Amino acid sequence: MSAITHHIPDAMLAAYAAGNLPHAFAVAVASHVSLCAECRVALEAHQAVGGAVLEDTGAVAVSSSLKDNILAQLDAPFTPEPVYERNGIFPGPVMEAMNGRAPRWKKLGMGVRQDILSADANGSVRLLYIPPRQAVPDHSHNGLELTLVLQGSFSDETGRFGVGDLEIADENLEHTPVADPGEACICLAATDARLRFRALVPRLLQPLFRI
Amino acid sequence: MARRYERTPVSQTETETELSEQTHWMIAVRDNRDRNAFAALFDHFAPRLKGFIIRSGASAHQAEEIVQDVMLTIWRKAAMFDPHRAQVSAWIYQIARNRQIDIARKENRPMPEELKEEPGMEPDASQILAIEQEAGQLKQALATLKPEQREIVEKAYLGELTHQEISAQTGLPLGTIKSRIRLGLERLRHELKDLKQ
Ligand SMILES: [Zn+2]
């Protein structure tokens with residue numbers, strides 16, 4: 001885990017602690033934190049600030065029955081929320097995004113595969129499988145895109161990203177991520193923009209034709 | 001989860017008296033399912049939670065429903081409370097925000113994997129105390145902020161600012177956070193040393 005060099009920016013962690021990140025990003029952040037001790041501790045620090053704010057918030061009297069109501073429910077049966085365990089390369093939050101199933105890869109061409117875990121107007125979460133030495137498709141973005149490496153590694157103009165590393169790319173970043181030689185690269189990609197369902201090849205040609 | 005009850009209760013350590021009431025109550029709830037301690041936690045936190053939740057836009061009635069959910073979660077998930085890594089207020093803050101978000105978005109908020117502790121791991125009173133002292137320093141740091149800076153911090157942690165808006169702010173007490181991060185890292189490295197990854 002000490003090999004992780006690309007972390008979550010502080011502001012994004014604060015927004016995550018406060019619950020104000022788009023859902024797709026929250027999946028990526030929770031997944032990175034599951035793999036990264038440094039960001040876990042940083043998140044705990046933000047929770048401590050949140051706790052200080054809570055401690056300092058003006059108290060508002062609760063109704064007289066609330067305490068007894070709650071005490072009366074302490075022994076009531078309840079259904080615990082399901083806990084998704086890490087499975088191989090997939091951390092718990094990714095398993096949760098997959099509802100506990102295995103990836104369902106769809107071919108995109110040139111050996112690249114993807115599995116869209118969720119997609120709507122507020123963003124998307126998907127898994128990408130990139131064969132060694134293959135370029136990562138769809139690398140121009142509408143909005144912000146977070147890419148978390150789960151297996152293998154990729155490199156682009158900004159550096160090398162190995163397991164646990166998180167790349168944050170906005171629409172201004174022009175880069176060509178390429179999977180490194182060796183193992184296929186599997187990533188979780190989260191964006192806050194609507195996913196454009198286009199075939200891989202036209203997307204790769206876009207920069208050439210300035211579509 | 002049950003393995004948490006197997007460890008030495010923190011109250012047997014010599015620094016017992018230096019820990020805050022809230023931490024004592026929470027540990028008593030966790031280790032002994034102590035209802036009086038839970039009632040004391042309620043008396044301290046329920047009115048603050050209600051104020052906090054109303055500040056984030058809920059009605060008084062909705063706020064009380066959420067307070068009820070949060071207090072029951074504290075009771076049911078007490079085994080997950082680790083005073084080496086979080087002060088009680090921080091732990092409750094996260095439970096409260098999660099509950100508010102789950103209700104607002106009607107979906108479960110993605111959460112990191114929980115760390116599983118070594119069974120029978122001895123409590124480290126000096127670390128628990130250090131976490132508490134950090135919390136005190138954090139409170140002081142907040143108190144010394146200019147009112148407008150303080151409002152930004154409150155807004156950020158009430159979930160009223162986007163991450164872009166937060167990163168545009170310079171008034172956040174990041175120095176304090178940094179020392180809190182160092183403290184936490186030391187403990188986590190210690191905890192993870194023997195864990196199989
Ligand atoms: Zn990290």
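1. A salt bridge is taken here as a side-chain nitrogen of Lys or Arg within 4 Å of a carboxyl oxygen of Asp or Glu. The model under review is predicted. R126(A) belongs to strand β3 (residues 123–130) of chain A and E145(A) to strand β4 (residues 145–151) of chain A, so the pair ties together parts that are 19 residues apart in sequence.

2. Over all chains, the structure holds 16 salt bridges. Between chain A and chain B the count is 7. One salt bridge joins E113(B) to R86(A), and its closest N and O atoms are 3.0 Å apart.

3. How many residues does each chain bring to the contact? Chain A contributes 64 residues and chain B 68 residues. Together, chain A and chain B bury about 6,000 Å², of which 62% lies on carbon and sulfur atoms. Of the area that chain A buries against chain B, 12% is supplied by L54(A), E55(A) and L74(A), more than by any other three residues.

4. On the side of chain A that touches chain B, α1 (10–17), α2 (23–35), α3, α4 (66–72) and α5 (92–97) of chain A each supply at least two residues. The largest share of that side, 19 residues, comes from α3(A). By residue class, the side of chain A that touches chain B divides into 38 nonpolar, 14 polar and 12 charged residues.

5. Helix α3 (residues 37–56) of chain A also packs against helix α4 (residues 88–105) of chain B: their axes come within 7 Å and cross at roughly 90°. Because of this angle, α3(A) counts as roughly perpendicular to α4(B). From α3(A), the residues Q47(A), A48(A), G50(A), G51(A), A52(A), L54(A) and E55(A) take part, and they meet S89(B), A90(B), I92(B), Y93(B) and Q94(B) of α4(B). The residues of this contact comprise 6 nonpolar, 5 polar and 1 charged.

6. Within chain A, which angle do α1(A) and α2(A) make? The two helices pack at about 105°, and their axes are 11 Å apart. The angle therefore makes α1(A) roughly perpendicular to α2(A). M12(A), L13(A) and Y16(A) in α1(A) are in contact with A26(A), V29(A), A30(A) and V33(A) in α2(A). The residues of the contact of α1(A) with α2(A) divide into 7 nonpolar, with no polar and no charged residues.

Key: Residues numbered from 1 in each chain as written. Chains lettered and ligands numbered in written order. Predicted model: local features only at pLDDT ≥ 70, side-chain atom pairs only at ≥ 80, totals over all residues. Heavy atoms only, no water. Axes fitted to C-alpha atoms, helices over the stretch in contact; angles between N-to-C directions. Helix = DSSP H or I, 4+ residues; strand = E, 2+ residues; numbered from the N terminus. Parallel < 35°, antiparallel > 145°, perpendicular 65-115°, else oblique. Contact = heavy atoms within 4.5 Å. Nonpolar A, V, L, I, M, F, W, Y, C, P; charged D, E, K, R; others polar. Buried area = accessible area lost by both parts, 1.4 Å probe.
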